[in-house]
Amino acid sequence: MNAHIINAVSGAIISPMVDKICKKASVEEVRNLYNSLEFLCKNELTQEAFSMLHIIIKTSGVRLPEEYRCIVDNEKLRADFVEEAIADLEDILYDLE
C-alpha cells in the first residue's frame, strides 16, 4: 500500500471522526488528542499512538474504508497511518481555529 492510499484512507476517516467528536467535545479536546498522538510518536511509541487512535476511530462510528483493515493488520502501515492522521488533525485544527 503506497503513501497516496494511506493519505486517502486517513482523510476519509479523520475528517468525519473530528466532525463527530466536535459535536460532543471542544476544539481544545481535539487539540489534546493531536498533542497526545504527536507526543507518543516523538517518543517512539507509534504503535501505542495507533492503538489509541484506533479505539477513537472505532467508537466514533465513522464508516471505515476497506483498506483500513490492511492498515490494522500491518505494523509498518499503522505507523504510516498515524503520521498521516497527525498531519490531517493538524490541518483540521488550523481550519477550526
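Contact is taken here to mean heavy atoms within 4.5 Å. By that criterion, and with residues up to four places away in sequence not counted, methionine 17 touches Leu33, Leu53, Ile56, Ile57, Ser60 and Val62. The model is predicted, with local features requiring pLDDT of at least 70 and side-chain atom pairs counting only at pLDDT 80 or more, whereas totals for chains, interfaces and linings use all residues. Residues are numbered from 1 along each chain as its sequence is written, and side-chain values use heavy atoms, with hydrogens and water left out.

Methionine 17 is also among the residues with the most contacts inside the largest nonpolar core, together with Ile13, Ile14, Leu53, Ile57, Phe81 and Leu89. This core has 27 residues, a nonpolar core being a set of buried Ala, Val, Leu, Ile, Met, Phe, Trp, Tyr and Cys residues joined through side-chain atoms within 4.5 Å. Helices H1, H2, H3, H4 and H5 each supply at least two residues of the core, and the largest share, 8 residues, comes from H5. Helices (H or I, at least four residues) are DSSP runs numbered from the N terminus.

Helix H5 comprises the 22 residues 75-96, which should span 32 Å at 1.5 Å a residue, and the distance of 31 Å between its end C-alpha atoms agrees with this; the expected span is 1.5 Å times one less than the number of residues. The buried residues of H5 (under 20% relative accessible area, with exposed over 50% and partly exposed in between, for a 1.4 Å probe and protein chains only) include Leu77, Phe81, Ala85 and Leu89, and the buried residues of this helix pack against H1 (3-22), H2 (27-42), H3 (46-60) and H4 (67-72).

Lysine 76, exposed at 52% relative accessibility, forms a salt bridge with aspartate 80 (2.8 Å, N to O); a salt bridge requires a side-chain nitrogen of Lys or Arg within 4 Å of a carboxyl oxygen of Asp or Glu. The two residues are 4 residues apart in H5, and therefore about one helical turn separates them. Arginine 78, by contrast, is buried without a salt bridge, the nearest side chain of opposite charge being that of glutamate 75, 4.1 Å away.

Serine 10 lies in H1 and is buried at 0% relative accessibility. The side chain of serine 10 reaches the backbone nitrogen of alanine 85 at 3.4 Å.

Methods: Lys and Arg count as positive and Asp and Glu as negative; His and the chain ends are not counted. A polar contact is a pair of N or O atoms within 3.5 Å; within protein, one must be able to donate a hydrogen and the other to accept it, and residues adjacent in sequence count only if both atoms are side-chain atoms.
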